[in-house]
Structure formats: C-alpha cells, structure tokens
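Here are my notes for your first reading of this model. Please keep the sequence and the 3D view open and check each point as you go.

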Amino acid sequence: TYPKCLLDVILVLEEEDQLTQQTLAGIDLPPWVRPVVVPDGQPRTKPRAMNYALDFCQGDIIGIFDAEDAPDPDQITKVARRFQQVPREVACLQGILDYYNPTQNWLARCFTIEYATWFRTMLPGMARLGLAIPLGGTTLYFRRDVLEELGGWDAHNVTEDADLGFRLARHGYRTEMIETVTEEEANCRPWPWIKQRSRWLKGYMTTYLVHMRAPRHLHAQLGAWKFWGFQAHFVSAVSQVLLAPVLWSFWLVLFGLPHPLDPVLPRAVLTAIGSLFLTVEVLNACIHAVSVARPKHRHLIAWVPVMHFYSPLGAVAAYKALYELVCKPFFWDKTAHGLSVAARGQRGSDGRLDLAGIKLEPGHEGL
C-alpha cells in the first residue's frame, strides 16, 4: 500500500543464476522494480550480494526481504512512520517473522512454534531488558546513512544479520521491534531444515568469535549489561544444542537407570541435575505455549509437548556447523524453498495445479 512513487524495489540476482534472469527478462516489471545482477566472486554469500546492491539503492531507508516472503501490505508505511517518530539512535526496525504453512506437517508446526517463541517472546523481552538483539535475516529496515557508516554487512559471515545487530549496538545504536508481520515458508523436510540450521549456528559461532577477538574493547563499547547479555545469548544458543545429548542422558537418572557418571558423582547430585533439566523442559513448554496462544496459532498449543523431539534435529545441525566452521567457514548452504503446499498449490487428481489452493492478495488476481 506504500506510494509507488516513493518505492524502490531491487531484485538482487547472482550472475550465475541464469534461470531467474531469463524469467525476469520475459516479465514486464513496473518502473519501481528493477533487477541488479551481482558479478560472480567470492565469497558467494547473501551479505556480499547486498553490499553490492546497496550502491544501487535510492532510498533513505533500506529494507531486506527474502524471495519467498509475504509481508503485511501496510508494513513499509508503518516503518516509515516509526522512523519519523523515534530518535536517531534507533537505526534499525525488526519486524516479526511467521510462517504461512504451519500445518503442513509435524516439522512445520514445530518450526512455527519456535519462530513464534523467538520473535514474539524472546526478542521483545531482550529489547525491553535493554540488551542488544541479534537481527533476523529479513523484515529488517535500516537508516541508510547508519548502514553505510558501519560498512554494510560482513560478506564472510553466513549470519550477517546477527553480526550487524551487535555492530549497531557497539556503535551506540538501538534496534526496536515493530508490530508488523512477514510470512515465510517453513522448512518442512528434515535435511533442508538441518542444512539451514547448521548455517545459522555456524554463523552464530563465527559472530561470537569475531566480536570476542578483543573482549575488553567489546565490554567498553557495549557496557557491562549488554556485554554479559551478549555472552548469555551466544554461549547458551550454541551450548544448548552441542550439549543436548549430555542433557538427554539424565533421563536415565529420572527413570532410575544407571548413568555413565555414577562412578564420578553421587546419585543425589545426578538426581538434582536431572530434576533441573526436567524443570527447564517444563519452563520451555510454558514459554512455547504462551507464544502461540494468540488466535492465529492457538491450534499449535497441542503440539507444544512434542517440541522435545524436535531438539535432536538441532543437535545434528550443531555438529554439522562445528565441522563446517573448521573445514568450510564461508560455505553458504542454501535453503531449498518451494517445498510447501502453500508455495506450490494443490494438485488435483488429474495432476494439474489447483490454483484455488493459492491465496492472492486483493489487486493480484491478475496473476
């Protein structure tokens, strides 16, 4: 709904992506939409492509979307108004990410619960506590001059969003959450999910190591509160998946079975650790339930107990990420999209696509 005379949409394409270039060549794009082809080079990552495309942008506010995103129609209007209202130190607005295929299968349901917890509970909570927050990869809006002041994105970091969120904080800027939603496609197959999550975790590891190269300088820039919030966030985010198998072993104690640590620790200590682990699992379930209690996702509350069985996928992704951090630190494991029913529509008994399964926004019926 934003005035098109004030809108500049750039489609960022890799030079080797001939299929998308040929497809766009056959489309009569409106004057406010234009493709920019990024010359091939290394590293071939999203942040490198965005750094190149930034020079072609005309706006004072820079927003980021992924190709499969479905943002709220009034999102850019809300963002432009909010930037007019907030002080200059608020250099970034982060929207809420959600999924448009939450009921496709078990994995999509769990992923939707996790995203709701992160974007509707955890990030707003961190912002209210005055902590620096890691950004999501999309539905991000920046003041252009601040983005250029910081040198854009780190082309070698596969979670450039998380890195940029803390670089903003280090230079005295703040990120604010804004109540606008962009829907994406949830990864609904195990291996694509693991590949995507391993990229995120590898980027988290890289971001932590980069910012901790000079911990005293980091402390001086962030201050004590944000510095220790940074430690708590990154250390817990990585350790909870790497050490998950150790935690699961305490189910043996809770069920009265022998544990490998029996010769080392008294049974009472093992029982206390197991009880703490169980308490945290219950707390996690409560947080998940509160996060999906809104009308749109209330049907997912019944699936909250099975989130415990969703965690092993994260552990597999974490060890894959650790291997790639050492052997392939700049490898970008691309996410496969178009796998959901919502993205490709339903097929009838004759094999033809049933367009009734695809929801179009008003004004797009011509598609």
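1. Disulfides. A disulfide is counted where two cysteine sulfur atoms lie within 2.5 Å. In general terms, such a link is a covalent bond between the sulfur atoms of two cysteines. The model here is a predicted one, and it holds zero disulfides.

2. Is Cys5 buried or exposed? Cys5 has a relative accessibility of 72% and so counts as exposed. Cys92 has a relative accessible area of 0% and is buried. When you look for these residues, expect Cys5 to be exposed and Cys92 to be buried.

3. Strand β1 covers residues 9-14 and strand β2 covers residues 33-38; the two run parallel and are joined by six bridges. One place to check the pairing is Val9, whose bridge partner in β2 is Val33. With helix α1, residues 18-25, the two strands β1 and β2 make a β-α-β unit that is right-handed.

4. The five-stranded sheet. In what order do the five strands of the open sheet stand? The order is β3-β6-β5-β7-β4, and the pairing is mixed. At the edges are β3 (61-64) and β4 (70-71), each of which pairs on one side only. Trace this order in the 3D view before you go on to the next point.

5. Strand β5 and its neighbours. Strand β5, residues 90-99, pairs with β7 in the parallel sense, over eight bridges. With β6, strand β5 runs antiparallel, and three bridges join the two. How much of β5 is buried? Of its 10 residues, 10 are buried, so β5 is largely enclosed by the rest of the structure.

6. Two backbone exceptions. Most residues other than glycine have a negative phi, and most peptide bonds are trans. The peptide bond from Gln42 to Pro43 is cis, with omega near -5°. Pro43 is placed in the loop between β2 and α2 (46-54). Thr139 is not a glycine, yet it has a positive phi of about 55°. Thr139 is placed in the loop between α4 (106-128) and β6 (140-143). With a relative accessible area of 0%, Thr139 is buried.

7. The second largest pocket. How much space lies in the second largest pocket? The value is about 180 Å³. Its lining has 14 residues, and those nearest the centre are Ala127, Leu131, Ala132, Arg174 and Thr175. Both α6 (160-170) and β7 (174-184) supply at least two residues of this lining. The largest share, four residues, comes from β7. By type, the lining residues are eight nonpolar, three polar and three charged.

8. Two phenylalanines in loops. Phe250 lies in the loop between α10 (244-248) and α11 (251-254), and Phe255 lies in the loop between α11 and α12 (267-291). Is each of them buried or exposed? Phe250 has a relative accessibility of 5% and counts as buried, whereas Phe255, with a relative accessible area of 61%, is exposed.

9. Distances to check. Phe250 and Tyr52 are 198 residues apart along the chain, and their C-alpha atoms are separated by 50 Å. Phe255 and Glu114 are 141 residues apart in sequence, and from C-alpha to C-alpha they are 28 Å apart in space.

Methods: Residues are numbered from 1 along each chain as its sequence is written. This is a predicted model: local features need pLDDT of at least 70, side-chain atom pairs count only at pLDDT 80 or more; totals for chains, interfaces and linings use all residues. Side-chain values use heavy atoms; hydrogens and water are left out. On a 1 Å grid over the protein atoms alone, a cavity is a set of points where a 1.4 Å probe fits but cannot get out, and a pocket is an open set with protein on both sides within 12 Å along at least five of seven lines; lining residues have an atom within 4 Å of a point. Grid points are joined across faces, edges and corners, and a volume is the space filled by probe spheres set on the points. Ala, Val, Leu, Ile, Met, Phe, Trp, Tyr, Cys and Pro count as nonpolar, Asp, Glu, Lys and Arg as charged, and the others, Gly among them, as polar. Two strands pair if DSSP finds at least two bridges between them. A crossover is right-handed if, with the strands pointing away from the viewer, the path from the first strand over the helix to the second runs clockwise. Buried means under 20% relative accessible area, exposed over 50%, partly exposed in between (1.4 Å probe, protein chains only).
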